[in-house]
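Morning, everyone. Let me walk you through one structure today. Please look at the screen.

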Amino acid sequence: MARTFLSYALALGVMAYLSYGLPLWLPGDFATAMYASSDVVLSPQEEARLTPVPPSFLAYVGAFMRGDFGLSLAYGVPISTLLGEALPWTLLLGLCAYLSSFAVAFVLGVESAFRRASKVDRRLSGAMVSLDGVPELVLGVVFLLFFGAHLGWFPLQGALTPYSDKSGIAHVADVLAHLCLPAMTLFLASLSGQFLLVRVSVLHVLPAPFVSCAHLRGIGPWRVRYKYVALNALLPIVVRFGFRLASMVTSLIVVETIFAYPGIGSLLMDAVAKRDVPVIQVVVTLLSLGVVGMSVLLEGVAFWLKPKGSLA
Amino acid sequence: MKRVLREPFFKVGVVLFGAVSALGILALFWLPHDPYAFVFEPLARPSLTHLLGVNDAGMDIFSELLVAVQNTLMFGVWVAGISVGLGAVVGMASGYWGGWIDAVLMRLCDILIALPSVLVLLLVASIARPSGMELGALLGVLSFPIGAKVVRFQTAHLKETLYVEVALQMGASGWYVLRRHIFPALAPLIGFSFAGRFRFAVMAQATLAFLGLLSPSEKSFGMMIRQGMQYYYLDIWWHWIFPPVVLLGMALVGVTFVIFSLEGVLDGRVKGVLRG
């Protein structure tokens with residue numbers, strides 16, 4: 001347990017050091033990228049003024065811990081302001097899509113496993129395996145082109161209709177209409193993986209004697225499924241789920257980019273295009289912190305779920 | 001093996017993936033135009049000379065597509081080769097010799113597993129702008145530990161078997177046992193994880209290219225989708241955006257089907273372990 005935490009802490013350190021060090025080790029910076037294609041010739045003094053002096057690693061981490069993220073080079077505003085604008089959208093999109101996909105995948109996975117090798121199970125699993133091969137990039141582009149551009153059912157990009165001052169119900173409806181396609185893409189992209197994971201984990205628990213015993217004792221099918229079996233299948237689900245976190249973040253970035261959804265992913269990709277290194281550093285470090293933090297949390301949950309009886 | 005061949009998923013998967021690969025092989029011998037020449041009328045409609053039309057920079061889309069297929073397959077093999085190769089070597093060394101070698105290698109693996117590899121890749125790609133192959137090498141190195149852990153577990157298990165013990169009793173060296181007895185027993189597992197890594201690599205390349213993190217001069221599905229999506233409001237989607245989208249989907253669904261049918265046969269032992 002302690003060893004696991006140590007590897008996470010070390011990984012976080014590596015990540016922070018990479019985000020700190022990479023921009024310093026490499027040639028080229030915001031000033032050169034900004035003026036590369038123009039006729040402006042900067043004297044070394046002018047260039048030095050545009051290129052901030054790098055802090056030491058400890059100062060970098062210290063400032064980060066205090067929540068002092070510095071200024072964006074491209075916009076000249078505090079990075080925390082940019083984060084404050086982007087984060088709510090990402091949370092809205094991510095939570096809607098991922099929470100609903102866990103819930104649906106969990107129920108479908110448990111039900112499918114209990115009907116193993118039946119027609120329903122075979123079809124559902126087949127469909128999920130096919131869906132598993134389709135990345136969010138393909139889904140998102142197809143949704144955007146078909147439901148957005150072709151049928152015109154949903155707005156094509158953004159999170160709100162620009163320059164509209166809708167309020168109340170109209171505002172909520174506007175937000176939901178913009179949320180629909182990106183959330184649907186993320187939902188489907190993560191659904192198949194979760195489903196297959198739940199199904200396999202439940203299938204491993206089913207042969208256990210306590211399951212047949214519960215059936216024999218006349219306990220109702222719902223109770224057996226969710227209280228007896230699903231709870232016992234939770235441990236492998238939680239453990240494997242940890243491996244998926246980083247790819248969930250990547251999917252979120254891709255989907256936000258496809259639909260120009262103004263969240264953290266769009267902020268990051270915009271910063272990449274502008275070579276706005278401070279923003280890249282902060283966003284990547286924060287995302288890593290999120291992934292590692294969640295992994296540690298899941299490890300904790302897994303530890304708590306692990307049977308610790310006196311017989312074990 | 002026979003059981004795999006009977007699986008419908010396996011057949012469909014091989015057909016889908018084979019169709020995509022065939023395009024890549026075709027490109028080795030024949031390309032309608034130079035895919036890097038921007039000399040044609042920009043945004044021209046599909047015609048007999050330009051089967052899928054011309055993109056905004058004046059490049060023949062069909063030729064671009066054929067080269068993109070090649071690059072995708074090469075990238076996948078390159079990343080999977082590095083990842084699985086490293087995983088096999090590290091896993092076998094760790095599982096066979098144990099002791100401090102095992103301790104050091106496995107701690108290294110733990111840290112690499114804890115590292116959110118895609119974010120590392122994003123950081124490196126956005127700041128250092130490496131070539132696709134360099135980025136692939138990094139991806140391979142970052143993704144080997146999960147495979148290494150599985151190989152280590154199996155190796156440690158195989159080491160206890162009677163035939164290995166007999167070989168050692170008869171004076172076989174560690175290298176000989178690893179080469180002659182352990183590696184062949186691990187071969188199906190290694191082949192299986194190769195398919196998994198390949199799939200992961202193809203997805204990663206499409207993602208990175210779509211996000212604009214790979215050099216625009218390297219043709220790939222993600223890059224073509226990215227360029228086409230800038231013009232989605234024009235009537236170009238069916239000949240510019242859809243071909244790379246469909247081929248990417250076909251390749252990935254094909255590999256996924258193959259992986260799942262193999263998983264069904266190899267069963268619980270490797271189930272889900274190798275998918276990252």
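Before we count anything, we need one term. A helix here is a DSSP run of H or I with at least four residues, a strand is a run of E with at least two, and both are numbered from the N terminus. With that in hand, take chain B. Chain B has ten helices and zero strands. Read from the N terminus, its elements go α-α-α-α-α-α-α-α-α-α.

Keep in mind that this is a predicted model. So let me give you the scores. The model has an ipTM of 0.82 and a pTM of 0.85. For chain B, the mean pLDDT is 82, and 95% of the residues reach 70 or more. Helix 1 of chain B, residues 2-6, has the lowest mean pLDDT among the elements of that chain, 69. Helix 3 of chain B has the highest, 90. Watch residues 268-276 of chain B, where the pLDDT is below 50. Beyond near neighbours in sequence, that stretch still has 21 contacts in the model.

Now the dimensions of chain B. Its C-alpha atoms fill a box of roughly 75 × 45 × 30 Å along the principal axes. The chain has 276 residues, and 51% of them count as buried. Look at its contacts with a separation of 6 or more. Residues 24 or more positions apart account for 72% of those.

Back to helix 3 of chain B. It covers residues 61-97, which is 37 residues. From first C-alpha to last, helix 3 reaches 53 Å. Is helix 3 of chain B largely enclosed by the rest of the structure, or largely open? Largely enclosed, because 26 of its 37 residues are buried. For reference, buried means 20 or more other C-beta atoms within 10 Å.

Next, chain A. Chain A has twelve helices and zero strands. Along the sequence, the pattern is α-α-α-α-α-α-α-α-α-α-α-α. The C-alpha trace spans about 85 × 55 × 35 Å along its principal axes. Of the 312 residues of chain A, 36% count as buried. Among contacts in chain A between residues at least 6 apart in sequence, 73% join residues at least 24 apart.

Confidence for chain A: the average pLDDT is 82, and 91% of the residues score at least 70. Helix 2 of chain A, residues 30-35, is lowest, with a mean of 62. Helix 5 of chain A, residues 79-114, is highest, at 90.

Helix 10 of chain A has 38 residues, but its end C-alpha atoms are only 43 Å apart. A straight helix would reach 56 Å at 1.5 Å a residue. Where is the kink in helix 10 of chain A centred? On A:Ala230, with a kink of about 45°.

Helix 10 of chain A is followed by A:Ala260. That residue sits in the loop between helix 10 and helix 11 of chain A. A:Ala260 is not a glycine, yet its phi is positive, about 45°. It counts as partly exposed, because it has 15 C-beta neighbours inside 10 Å.

On to where the chains meet. The contact takes 44 residues from chain A and 40 residues from chain B. Several helices of chain A give two or more residues to the side that touches chain B, including helix 6 (119-132), helix 8 (169-205) and helix 12 (277-305). Which helix of chain A gives the largest share of that side? Helix 1 of chain A, with ten residues. By type, the chain A side divides into 33 nonpolar residues, nine polar and two charged.

Last stop: the core. The largest nonpolar core has 159 residues. A:Ile280 and A:Val283 have the most contacts inside it. Helix 8 of chain B, residues 174-210, gives the most to this core, with 17 residues. Now find A:Ile280 on the screen. Leave aside its neighbours within four places in sequence. Its contacts in chain A are then A:Leu268, A:Ala271 and A:Val272. From chain B, A:Ile280 touches B:Leu123, B:Ser126 and B:Ile127.

That is the tour. Thanks, everyone.

Methods. Residues numbered from 1 in each chain as written. Chains lettered and ligands numbered in written order. Predicted model: local features only at pLDDT ≥ 70, side-chain atom pairs only at ≥ 80, totals over all residues. Core = buried A, V, L, I, M, F, W, Y, C linked by C-beta atoms within 7 Å. Buried ≥ 20, exposed ≤ 12 C-beta atoms within 10 Å, placed from the backbone. Contact = placed C-beta atoms within 7 Å. Expected span 1.5 Å × (residues − 1). Nonpolar A, V, L, I, M, F, W, Y, C, P; charged D, E, K, R; others polar. Bend = angle between axes of the 7 residues up to and from the residue. pLDDT = per-residue confidence, 0-100.
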